[in-house]
Amino acid sequence: MDDNCPPKKRPLTVERVATANLPTKVGEFRIAGYRSLNSREEFVVLFKGDMERHVPTLVRIHSQCLTGDVFGSIKCDCGPQLHKAMEMIEEAGRGAIVYQQQEGRGIGIVNKIRAYALQDEGADTVEANEQLGFAADAREYQQCAEILFDMGLCEVRVMSNNPDKLSALEEAGLRIVERVPIEVQAKQPAAHYLRTKKEKLGHLLDFND
Ligand SMILES: [Zn+2]
């Protein structure tokens, strides 16, 4: 086994502050709180089972979506994806979800609501961000990868449809042994959003019109 995982040269820019038990409707999990050492960003990791470097382990980088995760919005598929990931980890007996607080692909909740207002007038999700002067996707994943290293992981099975996330994790030094598709039944208002994600952001979604 090559031993350069995690990459030795780069010091971690995140630190774990606390870990606790978190019983959920889906099952028993552990929850860890991380903070960035170079910004005010905080991260949460929901995980289960032993984290071992050379055991390919299910992971998801989930970007916070207040409207979908908390309020059950059906404009997007974030809430069902999060819960599906928890169920898959529960079933596998091990895995980790890094919950990254980059709401609205990094633009923040209030700007996301501004973008939703533009969407009410006919813009799609990418056009709306651009009309507000934001990149279509402003997220960064380096520290999420560092958190996975700190958790003790190197070989991962990534639950994601987003090729940008996959290549960012790989560039950070994680070994992606598998991409595990995570597809959920989308309700009608999400269909247009998902088509935009597929066509404009390159997401690997497989759905029929
Ligand atoms: Zn969402």
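1. Helix α2 covers residues 78-92, and its 15 residues reach 21 Å from first C-alpha to last, close to the 21 Å expected at 1.5 Å a residue. That expected span is 1.5 Å times one less than the number of residues. Helices (H or I, at least four residues) and strands (E, at least two) are DSSP runs, numbered from the N terminus. After α2 comes G93, with a positive phi near 85°.

2. A word on the basis of all this: the model is predicted, so local features need pLDDT of at least 70 and side-chain atom pairs count only at pLDDT 80 or more, while totals for chains, interfaces and linings use all residues. Residues are numbered from 1 along each chain as its sequence is written.

3. Which residues of α2 are buried? They are P80, Q81, L82, A85, M86 and I89. Buried means 20 or more other C-beta atoms within 10 Å of the residue's own, exposed means 12 or fewer, and partly exposed lies in between, with C-beta atoms placed from the backbone. The cover over these α2 residues includes β3 (42-48), β4 (57-63), α1 (66-70), β5 (95-100) and β6 (155-159).

4. On to the core. The largest nonpolar core has 30 residues, of which V45, V59, V98, I147 and L148 touch the most other members. β2 (28-36), β3, β4, α2, β5, α6 (142-151) and β6 each supply at least two residues of this core. Such a core is a set of buried Ala, Val, Leu, Ile, Met, Phe, Trp, Tyr and Cys residues joined through C-beta atoms within 7 Å.

5. V45 deserves a look of its own. Setting aside neighbours within four places in sequence, V45 is in contact (C-beta atoms, placed from the backbone, within 7 Å) with A32, Y34, A96, I97, V98, I147 and M151.

6. Is D137 buried or exposed? D137 counts as buried because it has 21 C-beta neighbours inside 10 Å. This residue sits in the loop between α5 (125-131) and α6. Beyond neighbours within four places in sequence, D137 is in contact with R105, D164 and L201.

7. Finally, the whole protein. There are 8 helices and 7 strands. The radius of gyration is 17 Å, close to the 17 Å that the globule rule gives for 209 residues, so the protein is as compact as a globular protein of that length. This radius is taken over C-alpha atoms, and the rule is 2.2 Å times the number of residues to the power 0.38. Buried residues make up 29% of the 209 residues.

Methods
Two residues are in contact if their C-beta atoms, placed from the backbone, lie within 7 Å.
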